Amino acid sequence: MKKWITALTAVAVVSGVYAEMSVDEIVNKANQASYYAGKDGKADVEMKIIDKSGSERTREFTLLRMNFEGGDQKFYVYFKKPADLYKQIFRVWKKVGEGENDVRQMFLPALNLNREIAPGDKRTSFVGSDFVYEDVSGRNLNDDVHELAETTDTQYVIKNTPKDPGSVEFSHYTIRIDKETFLPRKAEYFDKNGKLYRTVEATKVETIQGYPTVIESVVSDLNTGGKTVNTFSNIQYDIGLNEQIFDTTNERSLRRPPREVTR
Amino acid sequence: MDFKKYIPNISSCSLCPSAERVVQISLMSLLAASATYALDTELHGFVDGRGGYRTQNDPYEDERSLSELRLQLDSKTYFDWGEFSARGDFVYDDLADDIEKVDLENGDGFFDLRELNLLFTPVDWSDVKIGRQILTWGTGDLIFINDLFPKDWNSFLLGRDEEYLKAPSDALFASFFPSIGTIDVAYSPRMDADRYVDGRRVSYWNPMQQSIAGQNAVIDAERRDEWFKDYEMSARFYRPVLSWEGALYFYNGFWKSPVGGNANGAYFPRMNAYGASAKGSAGKGLANVEIGYYDSREESGPTQFVPNDEFRFLTGYEREVAKNLTAGVQYYLEWMMDHDGYEQEYNAMYGTTATARDEFRHLLTLRLTKMLMNQNLTLSLFTFYSPSDNDAYFRPIITYKISDHWKVTANGNFFVGESDYTFFGQFKYNSNVNLGVRYSF
């Protein structure tokens, strides 16, 4: 009987916590869980771009990430496949501050050239896949108004409406967030006519070094019938990466890529 | 292993034995790299076939502008202490004068060595790369002021892949990383000249003849090839300035093309360059500005002609103007010092000033790039237009990636100009169209 009471209390307390959590808290925790795990991180990524007819293109790259104070993040992407992207490096300094542009750089080894990429539209395709830049580095939370649309036994359903509808191709999108891990499991994008046209799903999740981690995700474009499958392997957190790797004011790690990506 | 049998007739080459040695070394390293599994080695490359035609008759050049097949092998080997890179092209060029004559300096012959270098970190605050390498810096898009590393203008004008605009340097390249910024120093013990327009493949304005010339007047300038005497030294210092990147440049060497003339013909006069640049984001795009002063270190006289000092200025802005459409504009200025003196010398030599250069050359460029079909189709157009020379150069390129391995390219190089003697006008008979197919592995 005593056990029962304890269990019930626990449930009550937990649901109490759930109930009291504001939308902003949920969204913040989900953002932390999906993009900020660890102080830094590394993963090998295989990206399969599959068109309607079933023909496939593959991108392989190693991704390094480091978190900075205030929510800024830096990414270092080292391409291994396909052959025409081999050894190319893509660096991003994601800035979350109001009105600040991300820094994006592409290093072309054949020319030994570090090219800055015009900031531009974050809703454009990442290396020809169905993922857009914002899927990779995370959409700024301040760009949307968030509402808790539904709470199920296991998930929160958040409706997100852009503050500047002209800057994006969707009218709104919903995200289903796991109550337990706070990982977003499925996002559904609706066009200006309210029709569902795009989904992003976390299809496999594992816990790595204590961090719930998406190890497979799929984007489907319902208009084109194409999809992209991302598979993550060799995931590591809290490696103690050298900050200089990400330093966009310095070309050292472009001219000599770190062992973390070449090996 | 006897590598000689894989190198037919190389002993007839004029630069042997050094060329032979380099070819052997690179072949060995490529083979060793690909065969030795114990080493941490990657081997990649491509096969690229390209053909092109002139779109008009050129009285001094072939009708075909390109007809070649190349195999590039690119190997990288990782050690705990550094990296070893070897990259070279085996070329069958149907239009070459003598395909068997390998010249690693100007890229002639069946083998062009692009890279053969060792990169290591002798101390924590410095990286060193020694050997053959591609060097680049500066802020311009296809315009170079302080990047005085060698360019291959023939490849560029004839429509090879853009990576071939950069010719290799044989250099020691050291970078230092003090807290105040980054210092890069490149030292080439022998000058690495541009693979300049010499008339063999591309016709050009010849001031001696006061007309366009080509294979009838091939420029064969004496090379600056004395070790440690004909050296080049380039340095750059760069660091963040507010939220931009600021840089200072210095160069000590030679005019990169043989723009001087003396009793022996065309030659490479001495030159220093001093410059600065800044780049960063502005509004929704990227902006850059770069200046340079070319300090000609020799004097013109009765027996020799050298270019005057020049001030050069560049500014540019690039941004995404619509989804998957990027536009970049640049303004560039060449300002010749002591233009009166130049005109007097020019008149004394050629008996006219009508074909002399202007004091100011203004140039505008526009790059438009549109990506379509999941970025597998790229349409790009780069335009150079000079209102002062009244000439222009259009570079349309269409690239389609058929698969992860296959890529096809169609491109054109079109030159128009009012006069035969202006920078782009002189190339008017070289306008060409090309088709290329590449398999990458």
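Hi everyone, let's start with one residue: A:Glu188 is buried, at a relative accessible area of 18%. Keep in mind that this is a predicted model. The partner of A:Glu188 is A:Lys186, and their side chains form a salt bridge, 3.8 Å from N to O. A:Lys186 has a relative accessible area of 25%, so this residue is partly exposed.

Here is the general idea behind such pairs. Side chains of opposite charge can pair when their charged atoms come close. How many salt bridges are there over all chains? The count comes to 58.

Let me show you a few in chain B. B:Asp58 and B:Arg54 join their side chains in a salt bridge of 3.5 Å, N to O. B:Asp58 is buried at 4%, and B:Arg54 is buried too, at 6% relative accessibility. Next, B:Arg132 forms a salt bridge with B:Asp170, with 2.8 Å between the closest N and O atoms. This pair links distant parts of the chain: B:Arg132 sits in strand S5 and B:Asp170 in strand S6, 38 residues apart. B:Arg132 counts as buried at 6% relative accessibility, while B:Asp170 counts as partly exposed at 26%. There is also a network of salt bridges, which links B:Glu310, B:Arg312, B:Glu334, B:Arg357, B:Arg361 and B:Asp389.

Now to the place where the chains touch. On the chain B side, 55 residues are in contact with 40 residues of chain A. The area buried between the two chains is about 4000 Å², and carbon and sulfur atoms give 41% of that. Which charged pairs cross over? Between chain B and chain A there are 7 salt bridges, and A:Arg115 with B:Glu318 makes a salt bridge of 3.5 Å, N to O. The interface also has 25 residue pairs in polar contact. Strand S4 of chain B, residues 111–123, gives the most to the side of chain B that touches chain A, with 4 residues. That side divides into 17 nonpolar, 14 polar and 24 charged residues.

On to the nonpolar interior. In soluble globular proteins, nonpolar side chains tend to be buried together. The largest nonpolar core here has 33 residues, and those with the most contacts inside it include A:Phe61, A:Phe79 and A:Phe126. Helix H2 of chain A, residues 23–35, gives the most to this core, with 4 residues. A second, separate core has 29 residues, among them B:Leu157, B:Trp255 and B:Leu314. As for A:Phe61, the residues in contact with it, beyond its neighbours within four places in sequence, include A:Val45, A:Met47, A:Phe79 and A:Phe126.

Is B:Tyr393 buried or exposed? B:Tyr393 counts as buried, at 0% relative accessibility. You can find B:Tyr393 in strand S20, and its side chain is joined to that of B:Asn413 by a polar contact of 2.6 Å.

Finally, B:Arg367 is in strand S18, residues 360–372. B:Arg367 is buried, with a relative accessible area of 16%. Which side chain does the side chain of B:Arg367 make a polar contact with? The partner is B:Asp141, at 2.6 Å.

Terms used: Residues numbered from 1 in each chain as written. Chains lettered and ligands numbered in written order. Predicted model: local features only at pLDDT ≥ 70, side-chain atom pairs only at ≥ 80, totals over all residues. Heavy atoms only, no water. Core = buried A, V, L, I, M, F, W, Y, C linked by side-chain atoms within 4.5 Å. Buried < 20%, exposed > 50% of the residue type's maximum accessible area, 1.4 Å probe, protein only. Helix = DSSP H or I, 4+ residues; strand = E, 2+ residues; numbered from the N terminus. Contact = heavy atoms within 4.5 Å. Buried area = accessible area lost by both parts, 1.4 Å probe. Salt bridge = Lys/Arg side-chain N within 4 Å of Asp/Glu carboxyl O. Polar contact = N/O pair within 3.5 Å; in protein donor to acceptor, adjacent residues only side chain to side chain. Nonpolar A, V, L, I, M, F, W, Y, C, P; charged D, E, K, R; others polar.
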